[in-house]
Amino acid sequence: MVSVGVFLTHQQPAGRDPVAALQEQLSLVRAARDGGLDSVFAGQHHLPESFSHIQPLPWLARLAAEAGDMRIGTGIHLLALHNPVDTAENFASLDAVCGGRSIFGVGLGYREVEYAAFGIPPRQKVRRFEENLRIVEAMWSGEPVYADNDWCRLDGVRSTTLPARRPPVWMAANSDAAVERAARLADTWMINPHATTSTIRRQLDLFHAERAAAGREPVRELPLMREIYCAPTRERAIELARPHLAGKYAVYADWGQDRVMPEKESFRTDYADLAEDRFVVGSPEDCLAALLPWRELGVDHFVLRTDWAGMPVGDALASVELLAREVAPVLRSSPAGSRPPSPEGSPRWTSASSSPSPTTAG
């Protein structure tokens, strides 16, 4: 089965009324639910400076009341920054709140200001991340847990705060080393929205090879995040999305997000170069031409981010509704290995390695 969900930014311009912003985001949750979408995700940052940013746990617990049968996940929880006992109990509680439909998305993060704020030397972050994940999963088992670390000591404790169902662990990864870590330690790789299609295609080979070498079974689900905006015409989509996407990635460049990307990618470039082979912006036909090739590579859960800080909620709602009505049903009906017809008026492409340029034109 193919799932299609939304990633809600819940990032707002600094100083924005948080109550008004929350109500707007809840309207997007309801639109996704009523449109039959399958999942909703929220991310985490601390001290975001350029944005205001509600934290994901209270936000996800609130939207669970609106989400119906949708799965609810983090994309991502900054696991190395937080105490693993607190994390295990909080996310077990979230799983109970949403009826056993949670997804535990985790990642290292990359912002030095966040690690400094939590008093964690950057050289320790990988060790803390891997150990915290081990402790969280052990606590969810209900069996005795042992740990003897600088930040957490456990002597055979058993957690009684258990999830309704063990949440699958989706691990975000940008660099090749992080992709290999996801292959070894997680249930699947949560493919990031920042890298180009060609980079991800190469890293998928790396991911599957490392997973096999580690003796892990093939993944049961392969999620892909993409920045996307859908409008009746390509021109209208570019007009509405471009200022907000360009602004978001300018902030990412300030934060140093591109420093952890492979292939020496940089976000400090003009929008047309940034969008090429990365963003999906266009008509429903354009969006399908860009998304359907991922089915050929095994992607079966599309997590689509279609609102960004400063975008009017009406514009975001229009994209959610169009994606739910005209894009999601085609994705769900497409078998692995399928290829889309070329959109009318667009150049025909001939292989899964070709990205149809109209969907990413700036």
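Modeller: Buried means under 20%, exposed over 50% and partly exposed in between, using a 1.4 Å probe and protein chains only. One caution: this is a predicted model, where local features need pLDDT of at least 70 and side-chain atom pairs count only at pLDDT 80 or more, while totals for chains, interfaces and linings use all residues. Residues are numbered from 1 along each chain as its sequence is written, and side-chain values use heavy atoms, leaving out hydrogens and water.

Biologist: OK, which residue does Glu137 form a salt bridge with?

Modeller: Arg166, with the closest N and O atoms 2.5 Å apart. A salt bridge here is a side-chain nitrogen of Lys or Arg within 4 Å of a carboxyl oxygen of Asp or Glu. Arg166 is partly exposed too, at 39% relative accessibility.

Biologist: And where do Glu137 and Arg166 lie?

Modeller: Glu137 lies in helix 5 and Arg166 in the loop between strand 9 (153–157) and strand 10 (169–173), so the pair ties together parts that are 29 residues apart in sequence. Helices (H or I, at least four residues) and strands (E, at least two) are DSSP runs, numbered from the N terminus.

Biologist: How many salt bridges are there in the whole structure?

Modeller: The search finds 19. One of them joins Glu130 and Arg181 at 3.5 Å, N to O. Glu130 is in helix 5 and Arg181 in helix 6, so that pair links parts 51 residues apart in sequence.

Biologist: Is Arg181 buried or exposed?

Modeller: Buried, with a relative accessible area of 10%.

Biologist: Switching to packing, at what angle do the axes of helix 5 and helix 6 cross?

Modeller: Roughly 20 degrees, and the axes come within 13 Å. Axes are lines fitted to C-alpha atoms, for helices over the stretch in contact, and angles run from 0 to 180 degrees between N-to-C directions. Helix 5 and helix 6 are therefore roughly parallel, a word used for angles under 35 degrees.

Biologist: Which residues in helix 5 and helix 6 meet?

Modeller: Val126, Phe129, Glu130, Leu133 and Glu137 in helix 5 meet Arg181, Arg184 and Leu185 in helix 6, where contact means heavy atoms within 4.5 Å.

Biologist: Last one: which residue does Arg332 pair with?

Modeller: Asp38, in a salt bridge whose closest N and O atoms are 3.1 Å apart.

Terms used
Angles under 35 degrees count as roughly parallel, over 145 as roughly antiparallel, 65 to 115 as roughly perpendicular and the rest as oblique.
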